[in-house]
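Please look over the sequence and the structure shown below, then follow the points by topic.

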Amino acid sequence: MSIADLQRLLPPLRRFCFSLTGNRADADDLLQSTVEKLLKHPTPDAVAMDSWAFRICRNLWIDEYRSRKVRLAYAAAQPEVHDSADSEQQEQQMSIYLVEEAIAKLSNEHQEVLALIAIEGMSYKKAAETLDLPLGTIMSRLARARAQLNEALQARYNGETA
Amino acid sequence: MISDETLSAFLDAELPEADMQQIYQQVQQQPELALRLASLCSMDACFRKMARRLDDEPLPAAVTELLQAASQDNQPQQGWWQQSYSTLQRHAAAVASLALISGMLVGYYAPAEADHWPLIASTLEQSVSGQSYTATKQLTLTPTLAFINNEQQLCRHYQQSTATATSEHLACKQGDNWQLIASAYQPAVRHSGEYQLASHQSALDSVMDQLGVQAVLTLQQEHDLQRKNN
């Protein structure tokens with residue numbers, strides 16, 4: 001993979017790292033390890049470059065970062081404090097925080113499918129290729145992830161307003 | 001009752017067209033289904049916002065340093081831009097032509113370019129690599145590579161052909177204006193059958209090294225840029 005290709009992939013890879021790790025510091029550590037590995041290992045001919053990059057990133061996360069639980073998980077992370085008098089903006093930030101919190105409770109399998117499809121807009125076929133899973137598994141994992149996320153959010157909203 | 005899986009696939013437009021239409025109609029008719037869908041949409045939107053917050057932040061220094069070190073490591077043998085240069089098939093014509101060039105001269109500004117410069121600059125602005133453009137009746141330009149230099153300027157390497165001569169050039173965009181950086185000329189008449197590929201390559205290579213190649217634009221990126229400029 002050329003450096004130009006790698007540079008093009010950095011923003012989506014970074015978002016993917018953030019989706020998996022739930023915090024910036026771990027996301028950037030994971031991104032760094034991914035870049036190191038991508039620079040050392042050429043992309044196999046049979047695999048699309050971006051699928052390869054995401055797969056390397058995901059495997060690193062599974063093998064190293066997740067087991068070490070380097071820093072705080074999503075659930076323990078504090079929402080960022082923004083000085084803003086704009087209540088709509090604050091509400092939006094709170095929604096994002098609640099989503100972060102709910103995502104932290106999902107399994108890794110659900111997180112990665114959600115990240116590739118909902119954030120990066122990958123097709124199911126491409127996600128299946130990237131994660132090396134059957135298309136049906138992608139569909140069902142994504143649906144379960146969304147349903148669980150939805151349930152968790154509804155519970156949180158109801159709890160807060162009660 | 002539409003399953004979560006089907007609704008999720010509907011949201012991602014991953015169902016067959018007939019199923020998409022059928023669910024779309026049901027969403028119109030069933031407020032509860034519309035609410036379920038809206039809930040999924042809003043959750044996805046929050047998720048995207050969450051992840052995209054990092055987009056505006058600078059890359060971690062460690063990653064930037066890794067990339068810089070990698071590009072420097074690659075330069076002494078075959079610069080990574082040269083790898084891209086040769087990997088991208090669109091440069092094949094330019095590479096082939098280099099083998100036929102002898103007695104090259106390298107200059108940092110050629111007065112002869114001045115006459116046609118507005119046309120050349122306009123072509124650089126609106127062209128993609130690998131295609132030939134007729135600037136005037138006598139002058140054909142073939143951009144061969146677009147890249148970003150150390151100063152984050154867009155630069156182009158291109159060939160210029162007339163009936164009597166061929167030349168290679170590097171130009172970079174400074175502000176809104178293209179500036180010619182370096183040129184290498186082929187004499188109109190070769191006096192020897194001995195071709196000297198190495199001397200020519202080292203001449204423009206060293207200029208590119210001085211400019212620093214941060215990123216080579218892919219053909220798709222060039223097309224996007226061209227659309228933006230047009």
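In which loop of chain A is A:Asp132 found? The residue A:Asp132 sits in the loop between helix 6 and helix 7 of chain A. The model described here is predicted.

- Chain A has seven helices and zero strands, and its pattern along the sequence reads α-α-α-α-α-α-α.
- Buried residues account for 42% of the 162 residues of chain A.
- Among the contacts in chain A with a separation of 6 or more, 68% join residues 24 or more positions apart.
- Chain B contains nine helices and seven strands.
- Of the 230 residues in chain B, 28% are buried.
- In chain B, residues 24 or more positions apart make up 52% of the contacts with a separation of 6 or more.

**Helix packing in chain A**

- Two packed helices are described by the angle between their axes and the distance between the axes.
- Helix 1 (residues 3–21) of chain A packs with helix 5 (residues 108–119) of chain A at an angle of about 145°, and their axes are 9 Å apart.
- The crossing of helix 1 of chain A and helix 5 of chain A is right-handed.
- On the side of helix 1 of chain A, the residues in this contact are A:Arg15, A:Phe16, A:Ser19 and A:Leu20; on the side of helix 5 of chain A, they are A:Gln111, A:Glu112, A:Ala115 and A:Ile119.
- The contact of helix 1 of chain A with helix 5 of chain A comprises four nonpolar, two polar and two charged residues.
- Helix 5 of chain A also crosses helix 6 (residues 124–131) of chain A, at roughly 135° and with the axes coming within 10 Å.
- Helix 5 of chain A and helix 6 of chain A are therefore oblique to each other, and their crossing is right-handed.
- Here A:Glu112, A:Val113, A:Leu116 and A:Ile117 of helix 5 of chain A meet A:Tyr124, A:Ala127, A:Thr130 and A:Leu131 of helix 6 of chain A.
- By class, the contact of helix 5 of chain A with helix 6 of chain A has six nonpolar residues, one polar and one charged.

**Helix packing in chain B**

- Helix 1 (residues 4–11) of chain B and helix 3 (residues 31–52) of chain B cross at roughly 60°, and their axes come within 11 Å.
- Helix 1 of chain B and helix 3 of chain B are therefore oblique to each other, in a crossing that is right-handed.
- Helix 1 of chain B brings B:Leu7, B:Ser8 and B:Leu11 to the contact, while helix 3 of chain B brings B:Arg36, B:Leu37, B:Leu40 and B:Cys41.
- Five nonpolar residues, one polar and one charged make up the contact of helix 1 of chain B with helix 3 of chain B.

**Contact between the chains**

- On chain A, 36 residues are in contact with 33 residues of chain B.
- At least two residues of the side of chain A that touches chain B come from each of helix 1, helix 2 (24–40), helix 4 (87–104), helix 5 and helix 7 (135–161) of chain A.
- Helix 1 of chain A gives the largest share of that side, 10 residues.
- The side of chain A that touches chain B consists of 22 nonpolar, seven polar and seven charged residues.

**The largest nonpolar core**

- The largest nonpolar core has 79 residues, of which A:Cys17, A:Cys57, A:Val99, B:Phe47 and B:Phe147 touch the most other members.
- Helix 1 of chain A contributes the largest share of this core, nine residues.
- Leaving aside residues up to four places away in sequence, A:Cys57 touches A:Leu13, A:Phe16, A:Cys17, A:Leu30 and A:Thr34.

- Most residues other than glycine have a negative phi.
- A:Asp132 has a positive phi, near 55°, and counts as exposed because it has 11 C-beta neighbours inside 10 Å.
- B:Gln152 has a positive phi as well, near 65°, and lies in the loop between strand 3 (140–149) and strand 4 (154–161) of chain B.
- With 8 other C-beta atoms within 10 Å, B:Gln152 is exposed.

How values were computed
Residues numbered from 1 in each chain as written. Chains lettered and ligands numbered in written order. Predicted model: local features only at pLDDT ≥ 70, side-chain atom pairs only at ≥ 80, totals over all residues. Axes fitted to C-alpha atoms, helices over the stretch in contact; angles between N-to-C directions. Helix = DSSP H or I, 4+ residues; strand = E, 2+ residues; numbered from the N terminus. Left-handed = near helix turned anticlockwise from the far one by under 90°. Contact = placed C-beta atoms within 7 Å. Nonpolar A, V, L, I, M, F, W, Y, C, P; charged D, E, K, R; others polar. Core = buried A, V, L, I, M, F, W, Y, C linked by C-beta atoms within 7 Å. Buried ≥ 20, exposed ≤ 12 C-beta atoms within 10 Å, placed from the backbone. Parallel < 35°, antiparallel > 145°, perpendicular 65-115°, else oblique.
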